[in-house]
Structures are given as C-alpha cells and as structure tokens.
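Opening the notebook on a new model today.

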Amino acid sequence: MAASGSRLVLAFDFGTRRIGVSVGNELLRSARELEPFAARDGVPDWDAISALVKEWQPDLFVVGLPLNMDGSESEMSTRARKFGKRLYGRYGKPCEMFDERGTTREAKAIAREQGHGGNYRKESVDGIAAVLILEGWFAQQEGLPS
C-alpha cells in the first residue's frame, strides 16, 4: 500500500438508485469523475465495482456520509456506512467516511453552470458529487476547511 500522501483514492456518493464515483491521487489533491453505478434500493452491481477496483487498484476508499443538516445520523447515513463496511470487507482496503452535507446542492449548481437541463434523474450529478466529496476529503487531510 502506498504511503499516506501518495495514495490513490476511490470516492463514492452513495445513493439508492445510483452511486457516484470519483478517483484521485493524494499527491495531486485532485479528483475526476468516473461513470456512476446503478443501484437497486442501495445495492450496487458488485461485479462492476470489482472491475473498477481491479482497474484502479486504490489504496483507500472514501464514502460520502449523508448527515442531516444538524449533524445527526439519517437512514441514508446508516446505509452509506454499511456500504463502506462492505467495500472494506470485500476488498480489504481502508474506508473512511466523509461528511458530504451540501455536496449534492453544490453538484447541481456546477451542473447548471455547465448547461445541465435540470432533469437529474436522466442526467446524474452523482459523479460531480463524488468529486466534491473526494476534494473535500483531500482538503480535510491538509487541515483546510472542507
């Protein structure tokens, strides 16, 4: 496994219909969007995730934690934690949770600036949200506000 500071990281924006994904390197502190995965009631296509893990060989996973605005846990945060535990259990790579409050709203704003039509079911912003999660996690690692 790579030393802290130079790890390759896969980040996930967990959802019940889709799971956004991004990849980034700690050294560069930048993330890029990958194709989101379909999910059925929060259950991903594990074969597709396994192919992604094989392709990228990440050192670490980061999963967005959808807390309520007051910081309390929600049903979705419980499900996201379970997803993170399954990633760790299947692939044996460390998994960290990251407070993702506001990332979906910010992802939609970014998409609108890029000319998004507004139909978020048809045109997902989950990948953009996953990038924001990973970039926020990188900032947190540096001690910057996320």
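I started with the strand order: 6 strands make an open sheet, running 4-3-2-1-5-6, with mixed pairing. This is a predicted model, so I read everything below as computed from it. Strand 4 (43–44) and strand 6 (95–99) sit at the edges; each has a single partner strand, so one side of each is left without a neighbour in the sheet.

Next I looked up strand 1 (residues 8–13) and strand 2 (residues 18–25), which pair antiparallel over 6 bridges. In that pairing Leu8 is opposite Asn25 of strand 2.

**Helices on the sheet.** I checked what helix 2 (residues 75–91) touches: strand 1, strand 2, strand 4, strand 5 (60–65) and strand 6, and its direction makes about 170 degrees with that of strand 5. Helix 4 (residues 126–141) lies across strand 1, strand 2, strand 3 (30–40), strand 5 and strand 6, and runs at about 40 degrees to strand 2.

**Cores.** Which residues have the most contacts inside the largest nonpolar core? I found Leu10, Phe12, Ile49, Phe83 and Leu87, in a core of 20 residues. At least two residues of this core come from each of strand 1, strand 2, strand 3, helix 1 (46–56), strand 5 and helix 2.

I then picked Phe83 and listed its contacts, leaving out residues up to four places away in sequence: Phe12, Phe14, Ile19, Pro44, Trp46, Ile49 and Val63. There is also a second, separate core of 11 residues, which includes Ala31, Leu60, Phe98 and Val131. A reminder to myself: nonpolar side chains tend to be buried together in soluble globular proteins.

I did a length check. At 1.5 Å a residue, the 17 residues of helix 2 should span 24 Å, and the end C-alpha atoms are 25 Å apart, which agrees.

Which residues of helix 2 are buried? I get Ser77, Ala80, Phe83, Gly84, Leu87 and Tyr91. Looking down the axis of helix 2, I see these buried residues fall within an arc of 115 degrees, so they line one face of the helix.

Technical notes. Residues numbered from 1 in each chain as written. Predicted model: local features only at pLDDT ≥ 70, side-chain atom pairs only at ≥ 80, totals over all residues. Heavy atoms only, no water. Pairing = 2+ DSSP bridges. Helix = DSSP H or I, 4+ residues; strand = E, 2+ residues; numbered from the N terminus. Contact = heavy atoms within 4.5 Å. Axes fitted to C-alpha atoms, helices over the stretch in contact; angles between N-to-C directions. Core = buried A, V, L, I, M, F, W, Y, C linked by side-chain atoms within 4.5 Å. Buried < 20%, exposed > 50% of the residue type's maximum accessible area, 1.4 Å probe, protein only. Expected span 1.5 Å × (residues − 1). Arc of directions from axis to C-beta.
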